[in-house]
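Dear colleague,

Here is the structure I promised to pass on to you. Please open it beside this message, and then read my notes on what was found in it.

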Amino acid sequence: MAMPFGGNGPDGGKSGHHMMFNMKGMTRLHDDLKLDAKQEAAWQHAEVDALYRLAAAGVRVPEPYNFHEGVLLMELVADEYGDAAPRLNDVVLEPDQAREYHAFLISQIVLMLCTGLVHGDLSEF
């Protein structure tokens with residue numbers, strides 16, 4: 001479960017918008033994943049480690065600030081008013097804008113691959 005909140009950013013006031021993401025029990029949302037507590041903790045750490053690696057490599061991901069006991073504190077991707085960014089499914093793009101975003105996405109995937117990572121949602125599976 002994600003919970004957005006405002007306040008000063010770690011840099012003293014950057015965007016001031018953060019999100020706490022409780023990763024506890026997330027694997028139980030998928031019927032095909034049957035992980036015990038130790039396996040789930042390992043999955044959580046792998047996901048968070050990947051987020052830190054991707055951010056350090058310059059991939060445009062929400063900036064992670066802290067991870068403690070299954071709760072991730074990270075940047076909230078927001079618009080100029082501080083409202084959460086829309087879901088991609090809710091965005092309507094003109095053809096030229098769609099091509100521009102596609103090219104940017106491909107460049108981000110190349111950066112991900114250069115770190116040795118790719119997100120499961122971007123794989124062929």
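Aspartate 96 counts as exposed, because its relative accessibility is 58%, and the term exposed is used here for over 50% relative accessible area, with buried meaning under 20% and partly exposed the range in between (1.4 Å probe, protein chains only). Arginine 99 is exposed as well, with a relative accessible area of 51%. Aspartate 96 and arginine 99 form a salt bridge in which the closest N and O atoms are 2.5 Å apart; a salt bridge is defined as a side-chain nitrogen of Lys or Arg within 4 Å of a carboxyl oxygen of Asp or Glu. Both residues lie in helix α2, 3 residues apart, which is about one turn of the helix. An α-helix has 3.6 residues a turn, so residues three or four places apart point the same way. A search of the whole structure finds 1 salt bridge.

Before you go further, please keep in mind that this is a predicted model, in which local features need pLDDT of at least 70 and side-chain atom pairs count only at pLDDT 80 or more, while totals for chains, interfaces and linings use all residues. Residues are numbered from 1 along each chain as its sequence is written, and side-chain values use heavy atoms, with hydrogens and water left out.

The chain as a whole

The protein chain has 2 helices and 4 strands, and from the N terminus on its elements run β-β-α-β-β-α. Helices (H or I, at least four residues) and strands (E, at least two) are DSSP runs, numbered from the N terminus. Of the 125 residues in the chain, 22% are buried. The accessible surface of the chain comes to about 9,200 Å², and 58% of this belongs to carbon and sulfur atoms; such areas come from the Shrake-Rupley method with a 1.4 Å probe, and for residues only the protein chains shown count as cover.

Helix α1

Helix α1, residues 37-56, has 20 residues and reaches 29 Å from its first C-alpha to its last, close to the 28 Å expected at 1.5 Å a residue, where the expected span is 1.5 Å times one less than the number of residues. Which residues of α1 are buried? They are Glu40, Gln44, Val48, Ala50, Leu51 and Leu54. Seen down the axis of α1, these buried residues fall within an arc of 150°, so they line one face of the helix; the arc is that of the directions from the helix axis to the C-beta atoms. The buried residues of α1 pack against β3 (64-68), β4 (71-75) and α2 (95-114), and contact means heavy atoms within 4.5 Å. The face turned away from the buried side carries the exposed residues Lys38 and Ala56. Just after α1, glycine 58 takes a positive phi of about 90°.

Helix α2

Helix α2 also has 20 residues and reaches 29 Å from its first C-alpha to its last, close to the expected 28 Å. In α2, Gln108, Ile109 and Met112 are buried, and they cover an arc of only 105° around the axis, which puts them on the same side of α2. What covers these buried residues includes α1, whereas Asp96, Arg99, Glu100 and Cys114 are exposed on the other side of α2. Glutamine 108 has a relative accessible area of 10%, and it touches Gly58, Val59 and Arg60, if residues up to four places away in sequence are not counted. After α2 comes glycine 116, whose phi is positive, near 90°.

Surface and loops

Tyrosine 101, found in helix α2, counts as partly exposed at 42% relative accessibility. Together with Leu88, Val91 and Leu93, Tyr101 forms a nonpolar patch on the surface, with about 390 Å² of accessible area in total. Patches are made of residues with over 30% relative accessible area and no salt bridge, with like charges joined within 9 Å and nonpolar side chains (Val, Leu, Ile, Met, Phe, Trp, Tyr) within 5 Å.

Finally, please look at the loop between β3 and β4, where glutamate 69 has its place. Glutamate 69 has a positive phi of about 50° although it is not a glycine, and at 58% relative accessibility it counts as exposed. Most residues other than glycine have a negative phi, and most peptide bonds are trans.
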